[in-house]
Amino acid sequence: MPESAPHGSADGDLAPVLARLEDVSKNFGSRRVLKGISFELRKGEILGFLGPNGAGKTTAMRILTGYFPPSQGRVWIGEQDLFREPQKLKRRIGYLPESVTLYGEMRVCEFVEFAAQVKGLAGIKKRREVEEKLTRCGLWDVKHRLIGRLSKGFRQRIGIAQALIGDPEILVLDEPSNGLDPKQIMEIRGLIRELAQDRTLILSSHILPEVSALCDRVLIINKGSVIASGTADELESGLRERHELVITLGPPADKAGVFRLLENVPGLERISIETAREGLVTVVVGIEKGRDVRAELSRLFVTQNLPLLEMRSGRLSLEEIFMKLVLEENEDASQREDA
Amino acid sequence: MRNTFAVAAKEMRSFFYSGAGVLVFFFFYVMAGIFFSLSVLSYARLSMESLKEGYQAVEGLGLTRFVFSGLFLNLGAVLLFLAPVMTMRSLAEERKLQTLELLYTYPLSDFDIVFGKFLGLVWIFELLFLPTAGYLWILHSLGGVFDWGPILTAYLGFWLLGGAFLSLGLFISSLTENQVVSAVVTFAVLLILWMLEWISDAVGGSAAGFIRALSPFAHYRDFTLGILDLSHAAYFVLFHFFFLFLTMRSVETRHWKS
(Lines give C-alpha, C1' and ligand atoms only; values in the text may rest on other atoms or scores of the structure.)
Protein backbone atom coordinates (compact mmCIF):
# COMPACT_ATOMS: atom_id res chain seq x y z
CA MET A 1 0.00 0.00 0.00
CA PRO A 2 1.16 3.54 -0.62
CA GLU A 3 2.70 4.91 2.49
CA SER A 4 1.61 8.46 2.07
CA ALA A 5 -1.77 9.46 0.81
CA PRO A 6 -1.92 11.45 -2.42
CA HIS A 7 -2.19 15.13 -1.87
CA GLY A 8 -4.75 17.46 -3.29
CA SER A 9 -7.33 14.94 -4.43
CA ALA A 10 -10.01 16.13 -2.04
CA ASP A 11 -11.77 18.85 -3.97
CA GLY A 12 -14.37 17.97 -6.57
CA ASP A 13 -13.68 20.24 -9.52
CA LEU A 14 -10.53 18.50 -10.76
CA ALA A 15 -10.06 17.44 -14.35
CA PRO A 16 -11.62 14.09 -15.23
CA VAL A 17 -9.65 10.93 -14.54
CA LEU A 18 -8.36 9.40 -17.77
CA ALA A 19 -6.63 6.37 -16.35
CA ARG A 20 -6.53 4.71 -12.99
CA LEU A 21 -4.42 1.92 -11.60
CA GLU A 22 -6.21 0.22 -8.75
CA ASP A 23 -4.12 -1.74 -6.28
CA VAL A 24 -2.00 -3.17 -9.06
CA SER A 25 0.51 -5.91 -8.29
CA LYS A 26 2.79 -7.82 -10.59
CA ASN A 27 4.65 -10.99 -9.82
CA PHE A 28 7.22 -12.72 -11.96
CA GLY A 29 7.37 -16.15 -10.44
CA SER A 30 8.01 -15.57 -6.76
CA ARG A 31 9.44 -12.09 -7.33
CA ARG A 32 7.03 -9.28 -6.52
CA VAL A 33 7.88 -6.36 -8.75
CA LEU A 34 4.85 -4.21 -7.97
CA LYS A 35 3.21 -4.36 -4.58
CA GLY A 36 -0.25 -2.92 -4.97
CA ILE A 37 0.22 0.51 -6.45
CA SER A 38 -2.67 2.86 -7.10
CA PHE A 39 -2.74 6.19 -8.83
CA GLU A 40 -4.81 8.14 -11.23
CA LEU A 41 -4.00 10.24 -14.22
CA ARG A 42 -6.07 13.35 -14.78
CA LYS A 43 -6.76 15.03 -18.07
CA GLY A 44 -4.11 17.54 -19.04
CA GLU A 45 -1.54 16.82 -16.39
CA ILE A 46 2.04 15.65 -16.71
CA LEU A 47 2.71 12.97 -14.19
CA GLY A 48 6.31 12.11 -13.43
CA PHE A 49 7.32 8.65 -12.38
CA LEU A 50 10.40 8.78 -10.26
CA GLY A 51 12.32 5.95 -8.76
CA PRO A 52 15.69 4.28 -8.62
CA ASN A 53 16.47 1.68 -11.26
CA GLY A 54 14.57 -1.52 -10.66
CA ALA A 55 11.86 0.18 -8.64
CA GLY A 56 9.10 -1.03 -10.95
CA LYS A 57 8.61 2.05 -13.12
CA THR A 58 8.80 0.19 -16.41
CA THR A 59 6.60 -2.63 -15.13
CA ALA A 60 3.93 -0.13 -14.08
CA MET A 61 4.13 1.55 -17.47
CA ARG A 62 3.90 -1.72 -19.31
CA ILE A 63 0.76 -2.58 -17.39
CA LEU A 64 -0.75 0.80 -18.15
CA THR A 65 -0.02 0.36 -21.86
CA GLY A 66 -1.47 -3.14 -22.04
CA TYR A 67 1.82 -4.94 -22.61
CA PHE A 68 0.91 -7.45 -19.94
CA PRO A 69 -1.92 -7.64 -17.43
CA PRO A 70 -1.31 -7.16 -13.70
CA SER A 71 -1.22 -10.20 -11.43
CA GLN A 72 -3.74 -8.45 -9.22
CA GLY A 73 -5.65 -5.23 -9.39
CA ARG A 74 -7.24 -3.45 -12.31
CA VAL A 75 -6.43 -0.79 -14.83
CA TRP A 76 -9.17 1.59 -15.87
CA ILE A 77 -9.02 3.68 -18.99
CA GLY A 78 -11.88 6.09 -18.53
CA GLU A 79 -14.71 3.91 -17.29
CA GLN A 80 -13.51 0.72 -18.94
CA ASP A 81 -11.22 -2.08 -17.84
CA LEU A 82 -8.16 -2.06 -20.11
CA PHE A 83 -7.76 -5.83 -20.09
CA ARG A 84 -11.40 -6.49 -20.91
CA GLU A 85 -11.19 -4.66 -24.23
CA PRO A 86 -7.49 -4.24 -24.92
CA GLN A 87 -7.74 -3.79 -28.68
CA LYS A 88 -10.12 -0.89 -28.38
CA LEU A 89 -8.60 0.81 -25.36
CA LYS A 90 -4.97 0.55 -26.45
CA ARG A 91 -5.85 3.06 -29.17
CA ARG A 92 -6.22 5.67 -26.46
CA ILE A 93 -2.64 5.23 -25.29
CA GLY A 94 0.57 6.06 -27.09
CA TYR A 95 3.75 4.49 -25.76
CA LEU A 96 7.43 5.13 -26.13
CA PRO A 97 9.25 2.16 -24.58
CA GLU A 98 12.59 2.61 -22.90
CA SER A 99 15.61 2.32 -25.20
CA VAL A 100 13.62 1.05 -28.14
CA THR A 101 15.89 0.51 -31.13
CA LEU A 102 13.17 0.50 -33.81
CA TYR A 103 13.49 -1.20 -37.19
CA GLY A 104 16.86 -0.03 -38.44
CA GLU A 105 16.29 -1.26 -41.97
CA MET A 106 13.06 0.64 -42.49
CA ARG A 107 12.69 4.19 -43.67
CA VAL A 108 11.29 6.73 -41.23
CA CYS A 109 8.07 7.26 -43.16
CA GLU A 110 7.58 3.53 -43.72
CA PHE A 111 7.75 2.81 -40.04
CA VAL A 112 5.44 5.63 -39.03
CA GLU A 113 3.03 4.49 -41.75
CA PHE A 114 3.16 0.99 -40.32
CA ALA A 115 2.28 2.37 -36.90
CA ALA A 116 -0.65 4.23 -38.47
CA GLN A 117 -1.81 1.08 -40.23
CA VAL A 118 -1.85 -1.10 -37.14
CA LYS A 119 -3.60 1.67 -35.27
CA GLY A 120 -6.39 1.31 -37.80
CA LEU A 121 -5.81 4.28 -40.10
CA ALA A 122 -6.04 3.96 -43.86
CA GLY A 123 -6.12 5.97 -47.06
CA ILE A 124 -6.05 9.75 -47.01
CA LYS A 125 -6.55 9.83 -43.23
CA LYS A 126 -3.44 7.74 -42.73
CA ARG A 127 -1.39 9.91 -45.06
CA ARG A 128 -2.47 13.11 -43.39
CA GLU A 129 -1.79 11.71 -39.93
CA VAL A 130 1.67 10.50 -40.89
CA GLU A 131 2.55 13.84 -42.47
CA GLU A 132 1.31 15.76 -39.46
CA LYS A 133 3.21 13.69 -36.91
CA LEU A 134 6.42 13.68 -38.95
CA THR A 135 6.26 17.45 -39.17
CA ARG A 136 5.37 17.85 -35.53
CA CYS A 137 8.33 15.80 -34.39
CA GLY A 138 10.74 17.54 -36.75
CA LEU A 139 11.24 14.49 -38.94
CA TRP A 140 9.96 15.81 -42.24
CA ASP A 141 13.42 16.34 -43.69
CA VAL A 142 14.64 12.86 -42.82
CA LYS A 143 11.50 10.95 -43.70
CA HIS A 144 13.17 8.96 -46.47
CA ARG A 145 16.25 8.07 -44.45
CA LEU A 146 16.87 4.64 -42.99
CA ILE A 147 16.13 4.61 -39.28
CA GLY A 148 19.34 2.72 -38.56
CA ARG A 149 21.40 5.56 -40.02
CA LEU A 150 19.90 8.28 -37.85
CA SER A 151 21.20 9.58 -34.54
CA LYS A 152 19.74 8.51 -31.23
CA GLY A 153 18.02 11.87 -30.90
CA PHE A 154 16.19 11.40 -34.18
CA ARG A 155 15.29 7.85 -33.28
CA GLN A 156 13.76 9.04 -30.05
CA ARG A 157 11.68 11.52 -32.06
CA ILE A 158 10.55 8.70 -34.33
CA GLY A 159 9.55 6.80 -31.19
CA ILE A 160 7.52 9.79 -30.07
CA ALA A 161 6.01 10.22 -33.55
CA GLN A 162 4.76 6.63 -33.60
CA ALA A 163 3.31 7.07 -30.12
CA LEU A 164 1.48 10.20 -31.29
CA ILE A 165 -0.11 8.50 -34.29
CA GLY A 166 -3.87 8.31 -33.89
CA ASP A 167 -3.84 11.14 -31.33
CA PRO A 168 -4.10 9.06 -28.18
CA GLU A 169 -5.36 10.91 -25.12
CA ILE A 170 -2.62 9.51 -22.97
CA LEU A 171 1.05 9.49 -23.83
CA VAL A 172 3.34 7.21 -21.88
CA LEU A 173 7.06 7.92 -22.20
CA ASP A 174 9.54 5.63 -20.51
CA GLU A 175 12.85 7.42 -19.90
CA PRO A 176 12.45 9.66 -22.96
CA SER A 177 15.84 11.31 -22.63
CA ASN A 178 17.84 8.21 -21.80
CA GLY A 179 21.10 7.98 -23.71
CA LEU A 180 20.83 11.37 -25.39
CA ASP A 181 23.46 14.07 -25.39
CA PRO A 182 22.69 17.38 -23.64
CA LYS A 183 21.59 19.14 -26.82
CA GLN A 184 19.31 16.29 -27.80
CA ILE A 185 17.89 16.21 -24.27
CA MET A 186 17.02 19.90 -24.56
CA GLU A 187 15.31 19.26 -27.87
CA ILE A 188 13.33 16.28 -26.62
CA ARG A 189 12.26 18.20 -23.54
CA GLY A 190 11.11 21.05 -25.74
CA LEU A 191 9.09 18.60 -27.79
CA ILE A 192 7.57 17.03 -24.69
CA ARG A 193 6.63 20.41 -23.31
CA GLU A 194 4.96 21.25 -26.60
CA LEU A 195 3.06 17.99 -26.63
CA ALA A 196 1.92 18.48 -23.07
CA GLN A 197 -0.09 21.51 -24.04
CA ASP A 198 -2.95 19.46 -25.41
CA ARG A 199 -2.33 16.02 -24.02
CA THR A 200 -2.00 14.03 -20.85
CA LEU A 201 1.44 12.67 -20.22
CA ILE A 202 3.07 10.24 -17.93
CA LEU A 203 6.81 10.02 -18.06
CA SER A 204 9.32 8.09 -16.10
CA SER A 205 12.82 9.16 -15.39
CA HIS A 206 15.60 8.69 -12.97
CA ILE A 207 16.87 12.14 -13.82
CA LEU A 208 15.36 14.36 -11.19
CA PRO A 209 15.74 17.83 -12.68
CA GLU A 210 13.94 16.53 -15.72
CA VAL A 211 10.94 15.52 -13.69
CA SER A 212 10.86 18.75 -11.74
CA ALA A 213 11.24 20.74 -14.95
CA LEU A 214 8.48 18.97 -16.82
CA CYS A 215 5.97 17.48 -14.43
CA ASP A 216 2.96 18.88 -12.62
CA ARG A 217 2.80 15.98 -10.25
CA VAL A 218 5.35 13.43 -9.14
CA LEU A 219 4.95 9.86 -8.04
CA ILE A 220 7.91 8.34 -6.27
CA ILE A 221 8.20 4.59 -6.54
CA ASN A 222 10.58 2.45 -4.62
CA LYS A 223 10.72 -1.34 -4.46
CA GLY A 224 7.37 -1.71 -6.13
CA SER A 225 5.39 0.67 -3.93
CA VAL A 226 4.38 4.30 -4.26
CA ILE A 227 6.14 5.98 -1.37
CA ALA A 228 5.04 9.52 -2.09
CA SER A 229 3.02 11.50 -4.55
CA GLY A 230 2.06 15.09 -5.09
CA THR A 231 3.44 18.25 -6.62
CA ALA A 232 7.09 19.00 -5.98
CA ASP A 233 6.00 21.71 -3.52
CA GLU A 234 3.72 19.38 -1.62
CA LEU A 235 6.37 16.76 -1.34
CA GLU A 236 8.80 19.30 -0.08
CA SER A 237 6.57 20.83 2.59
CA GLY A 238 5.62 17.40 3.82
CA LEU A 239 9.23 16.55 4.30
CA ARG A 240 10.65 19.69 5.71
CA GLU A 241 11.37 19.00 9.32
CA ARG A 242 13.80 21.80 9.51
CA HIS A 243 13.71 25.21 7.95
CA GLU A 244 16.73 26.40 6.24
CA LEU A 245 17.63 30.03 5.92
CA VAL A 246 20.04 31.36 3.36
CA ILE A 247 21.60 34.62 4.48
CA THR A 248 23.91 36.86 2.50
CA LEU A 249 25.93 39.54 4.25
CA GLY A 250 27.98 42.28 2.72
CA PRO A 251 31.35 43.70 3.83
CA PRO A 252 32.83 44.07 6.37
CA ALA A 253 31.45 40.62 7.25
CA ASP A 254 34.07 37.86 7.46
CA LYS A 255 33.59 34.13 7.70
CA ALA A 256 35.02 33.53 11.14
CA GLY A 257 33.28 36.52 12.68
CA VAL A 258 29.87 35.58 11.31
CA PHE A 259 30.31 32.03 12.49
CA ARG A 260 31.16 33.14 16.03
CA LEU A 261 28.23 35.50 16.03
CA LEU A 262 25.69 32.91 14.97
CA GLU A 263 27.05 30.22 17.27
CA ASN A 264 25.57 32.05 20.21
CA VAL A 265 22.07 32.40 18.77
CA PRO A 266 19.73 29.82 20.33
CA GLY A 267 17.60 27.65 18.02
CA LEU A 268 20.07 27.38 15.15
CA GLU A 269 20.98 23.81 14.47
CA ARG A 270 23.52 23.83 11.77
CA ILE A 271 25.58 26.65 10.51
CA SER A 272 27.56 26.41 7.37
CA ILE A 273 29.34 29.14 5.55
CA GLU A 274 28.74 28.29 1.95
CA THR A 275 30.66 30.91 0.05
CA ALA A 276 32.73 33.89 0.84
CA ARG A 277 33.81 35.93 -2.16
CA GLU A 278 34.02 39.53 -3.27
CA GLY A 279 33.43 40.52 0.32
CA LEU A 280 30.09 38.70 0.46
CA VAL A 281 29.43 35.91 2.94
CA THR A 282 26.66 33.43 2.33
CA VAL A 283 25.52 31.39 5.29
CA VAL A 284 23.05 28.55 5.44
CA VAL A 285 21.56 27.85 8.83
CA GLY A 286 19.13 25.20 9.94
CA ILE A 287 16.35 26.21 12.27
CA GLU A 288 14.36 24.05 14.64
CA LYS A 289 10.86 23.24 13.51
CA GLY A 290 8.24 25.75 14.56
CA ARG A 291 10.68 28.50 15.37
CA ASP A 292 11.11 31.78 13.56
CA VAL A 293 14.38 33.54 14.19
CA ARG A 294 14.37 35.90 11.22
CA ALA A 295 13.50 39.07 13.14
CA GLU A 296 15.99 38.24 15.84
CA LEU A 297 18.74 37.62 13.30
CA SER A 298 18.13 40.81 11.34
CA ARG A 299 18.29 42.85 14.53
CA LEU A 300 21.50 41.10 15.48
CA PHE A 301 23.12 41.93 12.17
CA VAL A 302 22.09 45.56 12.45
CA THR A 303 23.60 45.90 15.91
CA GLN A 304 26.81 44.37 14.62
CA ASN A 305 26.80 46.80 11.72
CA LEU A 306 26.76 44.03 9.15
CA PRO A 307 24.75 44.86 6.02
CA LEU A 308 22.10 42.15 5.47
CA LEU A 309 21.79 41.81 1.72
CA GLU A 310 19.53 38.79 1.53
CA MET A 311 17.64 36.41 3.74
CA ARG A 312 15.44 33.69 2.23
CA SER A 313 14.24 30.28 3.16
CA GLY A 314 16.15 27.54 1.50
CA ARG A 315 14.21 24.86 -0.30
CA LEU A 316 14.83 21.21 -0.71
CA SER A 317 15.36 20.28 -4.30
CA LEU A 318 13.45 17.38 -5.73
CA GLU A 319 16.71 15.51 -5.71
CA GLU A 320 17.05 15.91 -1.98
CA ILE A 321 13.44 14.91 -1.44
CA PHE A 322 13.91 11.85 -3.55
CA MET A 323 17.11 10.79 -1.84
CA LYS A 324 15.54 11.35 1.54
CA LEU A 325 12.44 9.36 0.78
CA VAL A 326 14.24 6.50 -0.82
CA LEU A 327 16.87 6.36 1.88
CA GLU A 328 14.30 6.51 4.69
CA GLU A 329 12.29 3.82 3.01
CA ASN A 330 15.32 1.61 2.64
CA GLU A 331 16.34 2.19 6.26
CA ASP A 332 12.83 1.35 7.45
CA ALA A 333 12.87 -1.79 5.42
CA SER A 334 16.21 -2.92 6.77
CA GLN A 335 15.05 -2.17 10.31
CA ARG A 336 11.95 -4.24 9.73
CA GLU A 337 14.06 -7.05 8.41
CA ASP A 338 16.35 -6.84 11.42
CA ALA A 339 13.38 -7.01 13.75
CA MET B 1 -7.83 -8.66 -40.50
CA ARG B 2 -6.37 -5.41 -41.81
CA ASN B 3 -4.05 -5.37 -38.82
CA THR B 4 -2.85 -8.86 -39.64
CA PHE B 5 -2.10 -7.78 -43.20
CA ALA B 6 -0.22 -4.73 -41.96
CA VAL B 7 2.00 -6.94 -39.80
CA ALA B 8 2.45 -9.39 -42.69
CA ALA B 9 3.41 -6.63 -45.11
CA LYS B 10 5.94 -5.25 -42.64
CA GLU B 11 7.40 -8.71 -42.12
CA MET B 12 7.83 -9.14 -45.84
CA ARG B 13 9.40 -5.73 -46.27
CA SER B 14 11.86 -6.27 -43.41
CA PHE B 15 12.87 -9.58 -44.94
CA PHE B 16 13.71 -8.06 -48.30
CA TYR B 17 15.58 -5.18 -46.71
CA SER B 18 17.78 -7.59 -44.82
CA GLY B 19 20.79 -9.17 -46.43
CA ALA B 20 19.51 -12.61 -45.50
CA GLY B 21 16.50 -12.08 -47.76
CA VAL B 22 18.65 -11.53 -50.82
CA LEU B 23 20.82 -14.53 -49.93
CA VAL B 24 17.80 -16.81 -49.57
CA PHE B 25 16.55 -15.88 -53.05
CA PHE B 26 19.98 -16.21 -54.58
CA PHE B 27 20.68 -19.58 -53.00
CA PHE B 28 17.23 -20.94 -53.85
CA TYR B 29 17.57 -20.08 -57.54
CA VAL B 30 21.10 -21.38 -57.82
CA MET B 31 19.99 -24.69 -56.35
CA ALA B 32 16.73 -24.85 -58.27
CA GLY B 33 18.57 -23.97 -61.49
CA ILE B 34 21.17 -26.69 -60.97
CA PHE B 35 18.58 -29.35 -60.13
CA PHE B 36 16.40 -28.32 -63.06
CA SER B 37 19.20 -28.28 -65.62
CA LEU B 38 20.62 -31.60 -64.43
CA SER B 39 17.31 -33.40 -64.58
CA VAL B 40 16.46 -31.90 -67.99
CA LEU B 41 19.85 -32.93 -69.32
CA SER B 42 19.64 -36.47 -68.01
CA TYR B 43 16.07 -36.70 -69.28
CA ALA B 44 17.27 -35.64 -72.71
CA ARG B 45 20.13 -38.14 -72.65
CA LEU B 46 17.90 -41.02 -71.60
CA SER B 47 15.27 -40.31 -74.19
CA MET B 48 17.96 -40.04 -76.91
CA GLU B 49 19.32 -43.40 -75.88
CA SER B 50 15.93 -45.02 -75.82
CA LEU B 51 15.21 -43.65 -79.30
CA LYS B 52 18.51 -45.07 -80.55
CA GLU B 53 17.61 -48.43 -79.09
CA GLY B 54 14.38 -48.24 -81.04
CA TYR B 55 11.94 -47.92 -78.14
CA GLN B 56 9.18 -45.38 -78.72
CA ALA B 57 8.80 -44.53 -75.08
CA VAL B 58 10.11 -45.87 -71.86
CA GLU B 59 7.69 -46.62 -69.05
CA GLY B 60 7.99 -44.04 -66.29
CA LEU B 61 10.07 -41.71 -68.39
CA GLY B 62 7.36 -39.06 -68.68
CA LEU B 63 8.67 -35.49 -68.71
CA THR B 64 6.53 -34.46 -65.77
CA ARG B 65 7.46 -37.38 -63.59
CA PHE B 66 11.12 -37.38 -64.43
CA VAL B 67 11.88 -33.67 -64.31
CA PHE B 68 9.35 -32.16 -61.93
CA SER B 69 8.88 -34.87 -59.31
CA GLY B 70 12.62 -34.99 -58.90
CA LEU B 71 12.96 -31.23 -58.87
CA PHE B 72 10.35 -30.77 -56.16
CA LEU B 73 11.79 -33.52 -54.00
CA ASN B 74 15.16 -31.79 -54.15
CA LEU B 75 13.65 -28.37 -53.50
CA GLY B 76 12.03 -29.87 -50.38
CA ALA B 77 15.53 -30.67 -49.14
CA VAL B 78 16.74 -27.15 -50.04
CA LEU B 79 13.98 -25.80 -47.80
CA LEU B 80 15.69 -27.49 -44.86
CA PHE B 81 18.41 -24.89 -45.19
CA LEU B 82 16.36 -21.91 -46.26
CA ALA B 83 13.41 -22.06 -43.86
CA PRO B 84 15.60 -21.42 -40.77
CA VAL B 85 17.15 -18.37 -42.45
CA MET B 86 13.71 -17.08 -43.37
CA THR B 87 12.30 -17.40 -39.85
CA MET B 88 15.34 -16.65 -37.70
CA ARG B 89 14.70 -12.92 -37.54
CA SER B 90 11.00 -13.01 -37.25
CA LEU B 91 10.32 -12.80 -33.53
CA ALA B 92 13.86 -13.15 -32.19
CA GLU B 93 15.11 -9.92 -33.74
CA GLU B 94 12.00 -7.99 -32.73
CA ARG B 95 12.52 -9.09 -29.17
CA LYS B 96 16.15 -8.03 -29.24
CA LEU B 97 15.37 -4.62 -30.70
CA GLN B 98 12.50 -4.30 -28.22
CA THR B 99 10.14 -3.52 -31.06
CA LEU B 100 8.08 -6.46 -29.88
CA GLU B 101 7.21 -4.30 -26.91
CA LEU B 102 5.76 -1.77 -29.32
CA LEU B 103 3.77 -4.40 -31.17
CA TYR B 104 2.32 -5.69 -27.91
CA THR B 105 1.13 -2.21 -26.97
CA TYR B 106 -0.36 -1.41 -30.37
CA PRO B 107 -4.03 -2.22 -30.74
CA LEU B 108 -3.12 -5.69 -32.00
CA SER B 109 -4.09 -9.04 -30.56
CA ASP B 110 -1.47 -11.73 -30.07
CA PHE B 111 -3.18 -13.54 -32.91
CA ASP B 112 -2.71 -10.53 -35.20
CA ILE B 113 0.99 -10.51 -34.41
CA VAL B 114 1.65 -14.24 -34.71
CA PHE B 115 -0.58 -14.89 -37.68
CA GLY B 116 0.53 -11.68 -39.38
CA LYS B 117 4.17 -12.74 -39.05
CA PHE B 118 3.36 -16.20 -40.35
CA LEU B 119 1.38 -14.82 -43.25
CA GLY B 120 4.26 -12.50 -44.16
CA LEU B 121 6.62 -15.47 -44.19
CA VAL B 122 4.23 -17.44 -46.38
CA TRP B 123 4.02 -14.51 -48.80
CA ILE B 124 7.80 -14.40 -49.02
CA PHE B 125 7.84 -18.15 -49.61
CA GLU B 126 5.26 -17.84 -52.38
CA LEU B 127 7.30 -15.12 -54.05
CA LEU B 128 10.26 -17.44 -53.73
CA PHE B 129 8.83 -20.52 -55.43
CA LEU B 130 6.18 -19.23 -57.83
CA PRO B 131 8.77 -18.05 -60.38
CA THR B 132 9.80 -21.71 -60.77
CA ALA B 133 6.73 -21.88 -63.02
CA GLY B 134 9.14 -20.31 -65.51
CA TYR B 135 10.71 -23.75 -65.92
CA LEU B 136 7.39 -25.05 -67.19
CA TRP B 137 7.27 -22.24 -69.67
CA ILE B 138 10.82 -23.00 -70.87
CA LEU B 139 10.07 -26.68 -71.41
CA HIS B 140 6.69 -25.89 -72.90
CA SER B 141 8.20 -23.54 -75.45
CA LEU B 142 10.71 -26.29 -76.34
CA GLY B 143 7.77 -28.54 -77.19
CA GLY B 144 7.46 -30.41 -73.93
CA VAL B 145 4.12 -32.02 -73.08
CA PHE B 146 3.04 -32.06 -69.45
CA ASP B 147 0.71 -33.93 -67.25
CA TRP B 148 -0.72 -30.96 -65.37
CA GLY B 149 -2.24 -32.87 -62.45
CA PRO B 150 1.04 -33.93 -60.79
CA ILE B 151 2.49 -30.48 -61.36
CA LEU B 152 -0.37 -28.85 -59.50
CA THR B 153 -0.20 -31.33 -56.62
CA ALA B 154 3.57 -30.85 -56.43
CA TYR B 155 3.10 -27.10 -56.06
CA LEU B 156 0.37 -27.64 -53.48
CA GLY B 157 2.61 -30.05 -51.56
CA PHE B 158 5.57 -27.71 -51.70
CA TRP B 159 3.42 -24.86 -50.46
CA LEU B 160 2.19 -26.96 -47.53
CA LEU B 161 5.68 -28.22 -46.72
CA GLY B 162 7.07 -24.70 -46.77
CA GLY B 163 4.28 -23.36 -44.57
CA ALA B 164 4.87 -26.18 -42.10
CA PHE B 165 8.59 -25.41 -41.87
CA LEU B 166 7.90 -21.71 -41.47
CA SER B 167 5.40 -22.30 -38.65
CA LEU B 168 8.00 -24.42 -36.87
CA GLY B 169 10.70 -21.81 -37.44
CA LEU B 170 8.43 -19.03 -36.22
CA PHE B 171 7.80 -20.93 -33.01
CA ILE B 172 11.51 -21.44 -32.39
CA SER B 173 12.18 -17.81 -33.20
CA SER B 174 9.69 -16.86 -30.48
CA LEU B 175 11.77 -18.66 -27.85
CA THR B 176 14.98 -16.68 -28.14
CA GLU B 177 16.27 -13.23 -28.88
CA ASN B 178 19.27 -14.54 -30.73
CA GLN B 179 18.84 -14.98 -34.47
CA VAL B 180 21.68 -17.46 -34.75
CA VAL B 181 20.29 -19.68 -32.02
CA SER B 182 16.92 -19.51 -33.69
CA ALA B 183 18.33 -20.55 -37.07
CA VAL B 184 20.53 -23.34 -35.71
CA VAL B 185 17.81 -24.89 -33.56
CA THR B 186 15.27 -24.69 -36.38
CA PHE B 187 17.72 -26.33 -38.75
CA ALA B 188 18.48 -29.09 -36.23
CA VAL B 189 14.81 -29.84 -35.68
CA LEU B 190 14.12 -29.88 -39.42
CA LEU B 191 17.06 -32.19 -39.93
CA ILE B 192 15.67 -34.62 -37.37
CA LEU B 193 12.29 -34.49 -39.12
CA TRP B 194 14.07 -35.23 -42.38
CA MET B 195 15.78 -38.25 -40.87
CA LEU B 196 12.56 -39.71 -39.47
CA GLU B 197 12.05 -41.79 -42.59
CA TRP B 198 15.46 -43.46 -42.23
CA ILE B 199 14.89 -43.92 -38.53
CA SER B 200 11.60 -45.64 -39.21
CA ASP B 201 13.33 -47.92 -41.72
CA ALA B 202 15.97 -48.79 -39.16
CA VAL B 203 13.53 -49.35 -36.31
CA GLY B 204 11.11 -51.55 -38.21
CA GLY B 205 8.04 -53.15 -36.65
CA SER B 206 4.96 -51.31 -35.52
CA ALA B 207 6.86 -48.24 -34.33
CA ALA B 208 8.13 -47.71 -37.87
CA GLY B 209 4.70 -46.81 -39.19
CA PHE B 210 4.17 -44.32 -36.42
CA ILE B 211 7.55 -42.65 -36.87
CA ARG B 212 7.00 -42.54 -40.60
CA ALA B 213 3.64 -40.89 -40.10
CA LEU B 214 5.40 -38.03 -38.27
CA SER B 215 7.78 -37.31 -41.11
CA PRO B 216 6.80 -34.33 -43.24
CA PHE B 217 8.83 -35.69 -46.14
CA ALA B 218 6.93 -38.98 -46.20
CA HIS B 219 3.73 -36.98 -46.57
CA TYR B 220 5.24 -34.63 -49.09
CA ARG B 221 6.52 -37.33 -51.44
CA ASP B 222 3.06 -38.39 -52.59
CA PHE B 223 2.26 -34.81 -53.56
CA THR B 224 5.24 -34.71 -55.91
CA LEU B 225 4.07 -37.95 -57.50
CA GLY B 226 0.65 -36.52 -58.24
CA ILE B 227 -1.13 -38.34 -55.45
CA LEU B 228 -3.63 -36.17 -53.62
CA ASP B 229 -4.36 -37.90 -50.33
CA LEU B 230 -6.53 -36.17 -47.76
CA SER B 231 -4.55 -37.65 -44.87
CA HIS B 232 -1.38 -35.98 -46.14
CA ALA B 233 -3.13 -32.65 -46.42
CA ALA B 234 -4.59 -33.13 -42.93
CA TYR B 235 -1.11 -33.84 -41.58
CA PHE B 236 0.19 -30.51 -42.87
CA VAL B 237 -2.83 -28.56 -41.67
CA LEU B 238 -2.37 -30.04 -38.20
CA PHE B 239 1.36 -29.28 -38.31
CA HIS B 240 0.57 -25.61 -39.01
CA PHE B 241 -2.03 -25.44 -36.25
CA PHE B 242 0.23 -27.11 -33.74
CA PHE B 243 3.16 -24.74 -34.17
CA LEU B 244 1.12 -21.59 -34.56
CA PHE B 245 -0.68 -22.53 -31.36
CA LEU B 246 2.63 -23.07 -29.58
CA THR B 247 3.85 -19.70 -30.88
CA MET B 248 0.76 -18.03 -29.45
CA ARG B 249 1.44 -19.63 -26.08
CA SER B 250 5.09 -18.65 -26.26
CA VAL B 251 4.18 -15.03 -26.97
CA GLU B 252 1.87 -15.12 -23.96
CA THR B 253 4.66 -16.08 -21.60
CA ARG B 254 5.51 -12.39 -21.29
CA HIS B 255 2.57 -12.22 -18.88
CA TRP B 256 4.40 -14.12 -16.21
CA LYS B 257 8.05 -14.12 -17.28
CA SER B 258 10.13 -10.99 -17.00
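Asn305(A) counts as exposed because it has 8 C-beta neighbours inside 10 Å; by the criterion applied, a residue is buried if 20 or more other C-beta atoms lie within 10 Å of its own, exposed if 12 or fewer, and partly exposed in between, with C-beta atoms placed from the backbone. The model is predicted, and local features were required to have pLDDT of at least 70 and side-chain atom pairs pLDDT 80 or more, whereas totals for chains, interfaces and linings use all residues. Residues are numbered from 1 along each chain as its sequence is written, and chains are lettered from A and ligands numbered from 1 in the order in which they are written.

Asn305(A) lies in the loop between α10 (294–303) and β14 (308–314) of chain A, where helices (H or I, at least four residues) and strands (E, at least two) are DSSP runs numbered from the N terminus. Although Asn305(A) is not a glycine, its phi is positive, at about 65°. A positive phi, near 50°, is also assigned to Asp23(A), likewise a residue other than glycine. Asp23(A) belongs to strand β1 of chain A and counts as partly exposed because 15 C-beta neighbours fall inside 10 Å.

Strand β1(A) takes part in an open sheet of four strands, ordered β2-β1-β4-β5 in chain A, with antiparallel pairing; two strands are taken to pair if DSSP finds at least two bridges between them. Strands of a sheet pair through backbone hydrogen bonds, either parallel or antiparallel. The edges of the four-stranded sheet are formed by β2 (31–42) and β5 (80–81) of chain A, each of which pairs on one side only. Strand β4(A), residues 72–77, is joined to β5(A) by two bridges in the antiparallel sense, and Trp76(A) stands opposite Asp81(A) in β5(A). Helix α1(A), residues 57–64, lies across β1 (17–28), β2 and β4 of chain A and runs at about 120° to β1(A). Such angles run from 0 to 180 degrees between N-to-C directions, with axes fitted as lines to C-alpha atoms, for helices over the stretch in contact; contact between two residues requires that their C-beta atoms, placed from the backbone, lie within 7 Å.

A further open sheet of chain A comprises six strands in the order β6-β7-β8-β3-β9-β10, with mixed pairing. Its edge strands are β6 (93–96) and β10 (225–230) of chain A, each pairing on one side only. Neighbouring strands of this sheet are turned against each other by 15° on average, direction ignored. Strands β3 (46–50) and β9 (217–222) of chain A pair in the parallel sense over four bridges, and Gly48(A) stands opposite Val218(A) in β9(A). Helix α1(A) also packs on this sheet, touching β3, β7 (170–174), β8 (200–205) and β9 of chain A, with its direction at about 150° to that of β7(A). Helix α5(A), residues 152–164, touches β6 and β7 of chain A, and its direction makes about 165° with that of β6(A).

Chain A is divided into domain 1 (17–238) and domain 2 (241–314), with bounds from an automatic or database domain assignment. The C-alpha centres of these domains of chain A lie 46 Å apart.

Between the chains, 23 residues of chain B are in contact with 23 residues of chain A. On the side of chain B that touches chain A, two or more residues are given by each of α1 (2–17) and α5 (99–105) of chain B, and α1(B) gives the most, with six residues.
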